[in-house]
Amino acid sequence: MYKLTIEEKTYSCQPDETVLDALLRGNVNISYACKKGTCHSCMVRSPDTVPPEAAQAGLKNTLKKRNHFLACLCHPEQDMVIKLPDQSEFYTEGTVVVNEMLNRNTLLLIIAFKDAFEFNAGQFVNLQRADGLTRSYSIANTPQESNTLEFHIRRLPGGRFSEWLHDEIKAGDTIAVSEPRGHCFYLPEKSEQGILLVGTGTGLAPLAGILTDALAQGHSGPIYLFHGSREVEDLYRIDEMRQLAEQHQNFHYIPCISSNHVPAGFSHGRANEVALATLTDLKGWRVFLCGHPEMVNQMKKMTFLKGAASADIYADAFLVTPT
Amino acid sequence: MSKTLYERIGGEPAVNAAVDIFYRKVLNDPRINRFFDNVDMEKQAAKQKAFLTMAFGGPHSYTGQDMRTGHAHLVKMGLNDSHFDAVVEDLGATLVELNVPQELINEVVAICEPTRNDVLGR
């Protein structure tokens, strides 16, 4: 018999019981439906222990890496600490060390921590103001860079949190940062695989992290980054990306402008449309999508139809919290 | 005891092999893809997997009522027998592509058929 711990409470799991059955018996409010590993409703996480292999069958590789598992398929092999999806998070205090503009409406925010902050490039965190106001932002750097997190913050008209970050926060201020979340990140496997990155606006943030990570880990397959916005003034990191493309033969950077004023060196059209016109067969490719929810949803379908396997499509849609 | 259809067809690995091929056929099928215009790919992939598991005679918990509720909004959009037939046809073509023997495909089709009235809300 093994012990299951959720926050302060412990539950016993009988030898013939699954984690889901044990938790339901203990009146834990956990969502579930099919009870046989198909619907993924009961997916939970064990931060400290690797779950049994059978409990991770059919999950995306990045979810497996983060110790997510299906409670209905899990017969524990040791005591487990379990986190439910909606469980309150642990926040760490960080200090703002850089706040400067990347373009006319995007702020570069770098937050430093006393100790190493563990994450995978491409994940996101929740930032929290002292009064409890909380928003999710993607991390734009990689864990190799000295205990800091980098964020790209677009000013949303009337957005309470982004306006606060843009107008009030300054170097030296502290801010609470949640544990990293999300499963949109690079795993160093199949290094010859093609990688397609498509982002709009600050959707570049997680993609830049994923790109840096893939290049640092020696990814040898072709990597295409399509970064789009309406006007050239809303793109950023253009020179840095061009320089990276010069340094790495397998990396291709295609900045896209959807309005009619397209300077030389930029592609005309929406980033997703330019990407689909450039790469016609995505069989065997890994795809990362980030930005406008409609673009992300549309592209999930289109890249799948162009041959990418559903397990190889990773996406983070920006959901704007109503103010 | 003789093996179940689900075992003979290859169990969960067979479902995993079939799900992308099948769903790609459905999304590419002009007869039915309008019903999938606004769905979330990830949630839909999980549903397709559940459907294939059922069609392959595997463990499932669908009831006739689930089928009715789950498709009611599509019936309002005009879902009818021709669309049901198209899905079954795409499923058959998927299995042909995976070299599943015809007699097993016939069994799969036979499992789908009794759900027709529930799916179409009759």
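In this predicted model, helix α2 (residues 11-28) of chain B packs against helix α5 (residues 81-97) of chain B at an angle of about 135°, and their axes lie 9 Å apart. Helix α2(B) also packs against helix α3 (residues 41-55) of chain B, here at an angle of about 120° and with the axes 9 Å apart.

**Helix α2(B) with helix α5(B)**

- Two packed helices are described by the angle between their axes and the distance between the axes.
- The crossing in which α2(B) passes α5(B) is right-handed.
- On the side of α2(B), the residues that meet α5(B) are Ala18(B), Ile21(B), Phe22(B), Lys25(B) and Val26(B), while α5(B) contributes Val87(B), Asp90(B), Leu91(B), Ala93(B), Thr94(B) and Glu97(B).
- Sorted by class, this contact of α2(B) with α5(B) holds seven nonpolar, one polar and three charged residues.

**Helix α2(B) with helix α3(B)**

- The pair α2(B) and α3(B) is likewise described as oblique, and its crossing is right-handed.
- From α2(B), the residues in this contact include Val15(B), Ala18(B), Val19(B), Phe22(B) and Leu27(B), and those of α3(B) that they face as a group include Met41(B), Ala45(B), Phe51(B) and Leu52(B).
- By class, the contact of α2(B) with α3(B) has ten nonpolar, four polar and two charged residues.
- Ala18(B) and Phe22(B) of α2(B) are listed in the contact with α5(B), and Ala18(B) and Phe22(B) are also listed in the contact with α3(B).

**Helix α2(B) with helix α7 of chain A**

- Four nonpolar, one polar and three charged residues make up the contact of α7(A) with α2(B).

**The six-stranded sheet of chain A**

- Six strands of chain A form an open sheet in the order β9-β8-β11-β6-β7-β10, and their pairing is antiparallel.
- At the edges stand β9 (134-138) and β10 (148-154) of chain A, each of which has a single partner strand, so one side of each is left without a neighbour in the sheet.
- Neighbouring strands of this sheet are turned against each other by 40° on average, with direction ignored.
- Strand β7 (residues 106-112) of chain A is joined to β10(A) by seven bridges, and the two strands run antiparallel.
- Opposite Ile110(A) stands Glu150(A), which belongs to β10(A).
- Helix α3 (residues 160-167) of chain A lies across β6 (91-101), β7, β8 (124-128), β9, β10 and β11 (174-178) of chain A, and it runs at about 70° to β9(A).

**The three-stranded sheet of chain A**

- Another open sheet has three strands in the order β2-β1-β5 (chain A), and its pairing is mixed.
- Its edge strands are β2 (9-13) and β5 (80-81) of chain A, each pairing on one side only.
- Strand β1 (residues 2-6) of chain A pairs with β2(A) in the antiparallel sense over five bridges, whereas β1(A) pairs with β5(A) in the parallel sense over two bridges.
- Thr5(A) stands opposite Thr10(A) in β2(A), Lys3(A) has Ser12(A) of β2(A) as its bridge partner, and Leu4(A) stands opposite Met80(A) in β5(A).
- The hairpin of β1(A) and β2(A) has two residues between the strands, and in this hairpin Glu7(A) takes a positive phi near 50°.

**Domains of chain A**

- The domain assignment divides chain A into domain 1 (2-81), domain 2 (91-178) and domain 3 (195-317).
- Between the C-alpha centres of domain 1 of chain A and domain 2 of chain A, the distance is 32 Å.

Definitions and conventions:
Residues numbered from 1 in each chain as written. Chains lettered and ligands numbered in written order. Predicted model: local features only at pLDDT ≥ 70, side-chain atom pairs only at ≥ 80, totals over all residues. Heavy atoms only, no water. Pairing = 2+ DSSP bridges. Helix = DSSP H or I, 4+ residues; strand = E, 2+ residues; numbered from the N terminus. Axes fitted to C-alpha atoms, helices over the stretch in contact; angles between N-to-C directions. Contact = heavy atoms within 4.5 Å. Domains from an automatic or database assignment. Left-handed = near helix turned anticlockwise from the far one by under 90°. Nonpolar A, V, L, I, M, F, W, Y, C, P; charged D, E, K, R; others polar. Parallel < 35°, antiparallel > 145°, perpendicular 65-115°, else oblique.
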